[in-house]
Amino acid sequence: MCTLEKRDKVFFLTLKGDTKRDEEHRLNPPLIASIRAALAQARAEAAVGSVLITQAEGRFFSNGLDLRVGAEADLFRMVDLFRGVVADLLSLPMPTIAAVTGHAAAAGLILAMSHDYVVMTSSRGVMYLSELDMAMSLPDYFTALIKGKVGSSTARRELALRASKVGAEAAVRMGIVDAAYYSVEEVAAAAVRMAEDLGKRRWSGEAYAEIRKGLYPEVCGLLGLEVETVVPSKL
């Protein structure tokens, strides 16, 4: 499951593994529902200067959709359920940071990339789009998010058509990750520093969310997110 903690104006969404089965933070219906509930709470409590940091306990940020749940119909259901998490993050009225201190694979990689900023450990963990190795195609909104977030066609090819396991420093060069730090502690500290700097700007969360949606029209269209016009209350 996950928890949501608020320190000053920074929200910390933490993926927690209560059992050995959960420690990979595989995205199944209960975890997806827990994440969405936390994001809904952050949205309800958002104020000027709010920022969200998403992090995870253990060796995994997230190892993707939980393919152990059963039938093919369950996989399609989870793909559809996870669509809501991506939509929530892309429409959240505050800057978002993923602090990746372990492996981020498949939908776990998409979870990280759904944030505005990604910082990652270089001492452990890889970014890995595993669908090709698993003989699966990519959901349409995965592809649209990757196209919107990764500017280099070479990097997109490496990620999607070679299924490369990309370490933090390579991910920085490819434009997937903003900064790499050696240890878990350094990543956590860097995420907090970034959140504090962003929060000082005191941006309108409503305007921030609409500008973000406008930057990624293809994925937002697939997610059913419409861009709305926001103007200052006083001109």
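Visitor: How much space is in the largest pocket?
Guide: About 310 Å³ in this model, which is predicted.

Visitor: Which residues lie nearest its centre?
Guide: L65, L67, L75, E131 and M136 lie nearest the centre of the largest pocket, out of 21 residues that line it.

Visitor: Which element gives the most to that lining?
Guide: Helix 2 does, supplying 4 residues to the largest pocket.

Visitor: And by class, what does the lining have?
Guide: The lining of the largest pocket has 14 nonpolar residues, 4 polar and 3 charged.

Visitor: OK, the second largest pocket. How much space there?
Guide: The second largest pocket holds about 270 Å³. It has 15 lining residues, and H115, D116, Y117, K149 and Y216 are the closest to its centre.

Visitor: Which elements supply at least two residues of that lining?
Guide: Strand 7 and helix 8. Helix 8 gives the most to the second largest pocket, with 4 residues.

Visitor: How many charged residues in that one?
Guide: There are 4 charged residues in the lining of the second largest pocket, beside 9 nonpolar and 2 polar.

Visitor: You listed D116. Which residue does D116 form a salt bridge with?
Guide: R212, with the closest N and O atoms 2.9 Å apart.

Visitor: Is R212 buried or exposed?
Guide: R212 is buried, because its relative accessible area is 4% and the cut-off for buried is under 20%.

Visitor: How many salt bridges altogether?
Guide: The count comes to 10 salt bridges.

Visitor: Give me another one. What does K16 pair with?
Guide: K16 forms a salt bridge with E57, and their closest N and O atoms are 2.7 Å apart. The two are 41 residues apart: K16 is in the loop between strand 2 (10-15) and helix 1 (29-45), and E57 is in the loop between strand 3 (51-56) and strand 4 (60-62).

Visitor: How accessible are those two, K16 and E57?
Guide: K16 counts as partly exposed because its relative accessibility is 27%. E57 is partly exposed too, at 36%.

Visitor: What about R83, which residue is its salt bridge with?
Guide: R83 forms a salt bridge with D140, the closest N and O atoms being 3.5 Å apart. This pair links helix 2 (residues 72-90), where R83 sits, with helix 4 (residues 140-149), where D140 sits, and the two residues are 57 apart. R83 is partly exposed at 21%, and D140 is partly exposed at 39%.

Visitor: Which residues are joined with them into one network?
Guide: Salt bridges that share partners join D80, R83 and D140 into one network.

Visitor: Switching to rings. How many aromatic pairs does the structure hold?
Guide: The structure holds 4 aromatic pairs. One of them is F82 with Y141, a tilted pair at 6.5 Å centre to centre and 45° between the planes.

Visitor: Why would that pair count as tying the chain together?
Guide: F82 lies in helix 2 and Y141 in helix 4, so the pair ties together parts that are 59 residues apart in sequence.

Visitor: Are F82 and Y141 buried or exposed?
Guide: F82 counts as buried, with a relative accessibility of 0%. Y141 is buried as well, also at 0%.

Visitor: Which residues do the ring pairs link into a cluster?
Guide: F82, Y141 and F142.

Visitor: And which charges sit over rings, say R7 or K165?
Guide: The charged end of R7 sits over the ring of F12, 3.9 Å from the ring centre. K165 lies over the face of Y128, at 5.0 Å from the centre of that ring.

Visitor: Last topic, cavities. How many of 30 Å³ or more?
Guide: The count is 1 cavity. About 70 Å³ of space lies in the largest cavity.

Visitor: What lines it?
Guide: The largest cavity is lined by 13 residues, among them G49, S50, M94, P95 and W203, which lie nearest its centre. Helix 7 (184-199) and helix 8 are the elements that give two or more residues to this lining.

Note on methods:
Residues numbered from 1 in each chain as written. Predicted model: local features only at pLDDT ≥ 70, side-chain atom pairs only at ≥ 80, totals over all residues. Heavy atoms only, no water. Salt bridge = Lys/Arg side-chain N within 4 Å of Asp/Glu carboxyl O. Buried < 20%, exposed > 50% of the residue type's maximum accessible area, 1.4 Å probe, protein only. Phe/Tyr/Trp six-rings, centres within 6.5 Å; stacked < 30°, edge-to-face > 60°. Lys NZ or Arg CZ within 6 Å of the ring centre and 35° of its normal. 1 Å grid on protein atoms, 1.4 Å probe; cavity = no way out; pocket = protein on both sides within 12 Å on 5 of 7 lines; lining within 4 Å. Points joined across faces, edges and corners; volume = space filled by probe spheres on them. Nonpolar A, V, L, I, M, F, W, Y, C, P; charged D, E, K, R; others polar.
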